[in-house]
Each structure stands twice: as C-alpha cells, then as structure tokens.
Amino acid sequence: DANAAQQAGFRPIHEAANTANRGLAELLLAHGADPGLPADSGKNAIELARDKGHAEFADWLSAERPATR
C-alpha cells in the first residue's frame, strides 16, 4: 500500500518529500500514493517538502497531484 501510514502517520510519500527524492515520489505516485494525505502533524507531503526548503520539488509534486482530491 503506497499510502500505508507508519508511526505518527508518516507515509512513504512524506519521506520522498523530506529528501526531495523525485524518483521515489514518481514510483509511489504510480502506485497510488496521495501527496495530499497528512501525517499526524497535519502536514501533507507538499507542505513537508516546502518546510525542508525543497520548493521546486513541492511545486512539481503539487502539479502531479490529481485535481479531484
């Protein structure tokens, strides 16, 4: 499950966002990961990427997020 929550609601897409790992993010997105799902902190992957200073990655991830969510 690409959206499986770990401790504190942290999901694999959150790790990709924290490290701006586009390859991992692309793989996760292809398998149904939702970058809009929040961790227990209330922040989603896009917000976590911005917090880590990965603005370009956050913009890309935001553009990849389906508009229906």
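A residue is taken here as buried when its relative accessible area is under 20%, as exposed when that area is over 50%, and as partly exposed in between. In the predicted model described here, A16 has a relative accessibility of 0% and therefore counts as buried. This residue belongs to helix α1, which spans residues 12–19. When residues up to four places away in sequence are set aside, the contacts of A16 are with N21, L24, A25, L28 and F57.

The chain as a whole contains four helices and zero strands, and its elements follow one another from the N terminus in the order α-α-α-α. A compact globule with 69 residues would have a radius of gyration near 11 Å, and because the chain has 10 Å, the two values agree. Along the principal axes, the C-alpha atoms fill a box of roughly 25 × 25 × 25 Å. Of the 69 residues in the chain, 39% are buried. Among contacts between residues at least 6 apart in sequence, 57% join residues that are at least 24 apart.

The largest nonpolar core of the model is made up of 15 residues, and those with the most contacts inside this core are I13, A25, L28, F57, W60 and L61. At least two residues of the core are supplied by each of α1, α2 (22–30), α3 (45–51) and α4 (55–64), with α4 giving the most, namely four residues. Three of the residues named for their contacts inside the core, A25, L28 and F57, are also touched by A16. W60, another residue named in that group, touches R22, A25, E26 and L29 when residues up to four places away in sequence are not counted.

Helix α1 also holds N18, whose relative accessibility of 18% falls under the 20% limit, so that this asparagine counts as buried. Beyond residues up to four places away in sequence, N18 touches F10, L48, K52 and H54.

Most residues other than glycine have a negative phi. A8, although not a glycine, has a positive phi of about 65°, and A20, likewise not a glycine, has a positive phi of about 55°. A8 is found in the segment before α1, whereas A20 lies in the loop between α1 and α2. With a relative accessibility of 45%, A8 counts as partly exposed, and A20, with a relative accessible area of 29%, is partly exposed as well.

Methods:
Residues are numbered from 1 along each chain as its sequence is written. This is a predicted model: local features need pLDDT of at least 70, side-chain atom pairs count only at pLDDT 80 or more; totals for chains, interfaces and linings use all residues. Side-chain values use heavy atoms; hydrogens and water are left out. Buried means under 20% relative accessible area, exposed over 50%, partly exposed in between (1.4 Å probe, protein chains only). Contact means heavy atoms within 4.5 Å. A nonpolar core is a set of buried Ala, Val, Leu, Ile, Met, Phe, Trp, Tyr and Cys residues joined through side-chain atoms within 4.5 Å. The radius of gyration is taken over C-alpha atoms; the globule rule is 2.2 Å times the number of residues to the power 0.38.
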